[in-house]
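Work through the following exercises with the sequence and the model side by side, and try each task before reading its solution.

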Amino acid sequence: METSTEGATRPDISPAGPGEAPDTVVVAGPPAAPPASLSPSRASDFMQCPLLYRFRVIDRLPEKPSEAATRGTLVHAVLERLFDAPAGDRTVPRAKSLIPGQWDRLRESRPEVAELFADDPEGERLARWLTEAEALVERWFSLEDPSRLEPAERELFVEAELDSGLRLRGIIDRVDVAPTGEVRIVDYKTGKAPRPEYAEGALFQMKFYALVVWRLKKVVPRRLQLVYLGSGDVLTYDPVLADLERVERKLLALWEAIRRATETGDWRPRPTKLCGWCDHQAHCPEFGGTPPPYPLPLRAPESGGGEQGRMGPD
Ligand code: SF4
């Protein structure tokens with residue numbers, strides 16, 4: 001994971017499901033500018049709470065790294081790097097042995113994650129956290145057999161422009177291509193699988209990626225696969241073209257709502273139990289806060305109020 005607000009960077013891997021810590025780290029970036037593209041994480045932000053989207057994409061307010069999200073970054077890096085080894089060497093001990101080096105790399109590339117353990121001089125919490133990361137890595141071997149996989153792509157940055165001009169982008173954890181040419185898109189989650197009633201939300205990100213792959217390669221992925229290391233579950237979905245067309249229509253409506261909000265500055269808070277994970281309560285009117293001055297030019301709101309607060313993954 002890297003740090004960014006809108007796109008080609010690792011934090012976009014995992015929009016949080018209900019009850020799941022956001023697998024996203026956003027830090028302050030360059031000066032505010034209207035959004036130019038959409039990633040699954042930011043689309044999920046807008047659907048969850050338009051004001052949260054504003055804070056992350058328009059205001060670019062900094063967010064603190066969290067243990068859960070940082071552990072997710074570390075585990076993703078280990079699973080990716082393990083495929084550097086020959087198939088027969090992709091073992092649990094080998095995977096665990098990658099953790100210290102990847103943790104060092106993460107601290108080098110994102111020094112702010114060191115803050116997580118600044119108050120842990122004895123290193124006890126860090127040791128526990130690393131043990132938890134090991135457990136997640138080990139569980140992966142009960143769900144997939146990396147010695148039998150040869151990914152076509154790992155951590156693949158994808159970007160496609162729709163006919164409307166909307167640019168979609170994101171990073172796919174793994175792409176497998178069968179000898180028949182069938183494509184499987186795989187995403188790792190370090191949290192637990194959602195309850196069945198929330199599965200559609202979890203699949204939204206995967207359908208988003210499937211749409212991008214279809215636009216880029218003219219191939220509808222055969223399978224979308226979410227691997228939940230936290231609970232040891234695998235969620236799969238075999239999309240058809242109509243699914244991708246539906247997601248495209250959904251994203252166009254979402255983008256239109258984002259465009260309206262960007263121009264009018266009308267970003268509404270939408271409180272849910274996920275507010276407990278939000279770093280921006282001090283700026284949120286729902287919690288007695290005041291948003292920072294709006295940094296973009298404004299025009300008068302349109303009548304009707306748009307679709308804010310009513311958009312879901314399907
Ligand atoms: S605290 Fe809740 S309502 Fe306020 S910005 Fe964050 S997610 Fe939205």
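**Exercise 1.** Which residues of the largest nonpolar core touch the most other members?

Solution. This is a predicted model, in which local features need pLDDT of at least 70, side-chain atom pairs count only at pLDDT 80 or more, and totals for chains, interfaces and linings use all residues. Residues are numbered from 1 along each chain as its sequence is written. Begin with the term: a nonpolar core is a set of buried Ala, Val, Leu, Ile, Met, Phe, Trp, Tyr and Cys residues joined through C-beta atoms within 7 Å, where buried means that 20 or more other C-beta atoms, placed from the backbone, lie within 10 Å of the residue's own. Among the 59 members of the largest such core, I185, Y209 and A210 touch the most others. The largest share of this core, eleven residues, comes from helix α7 (helices are DSSP runs of H or I with at least four residues, numbered from the N terminus).

**Exercise 2.** Is V240 buried or exposed?

Solution. First locate V240, which lies in the loop between β6 (233–237) and α8. Next count: V240 has 9 C-beta neighbours inside 10 Å, and therefore counts as exposed, the limit being 12 or fewer.

Conventions: Helix = DSSP H or I, 4+ residues; strand = E, 2+ residues; numbered from the N terminus.
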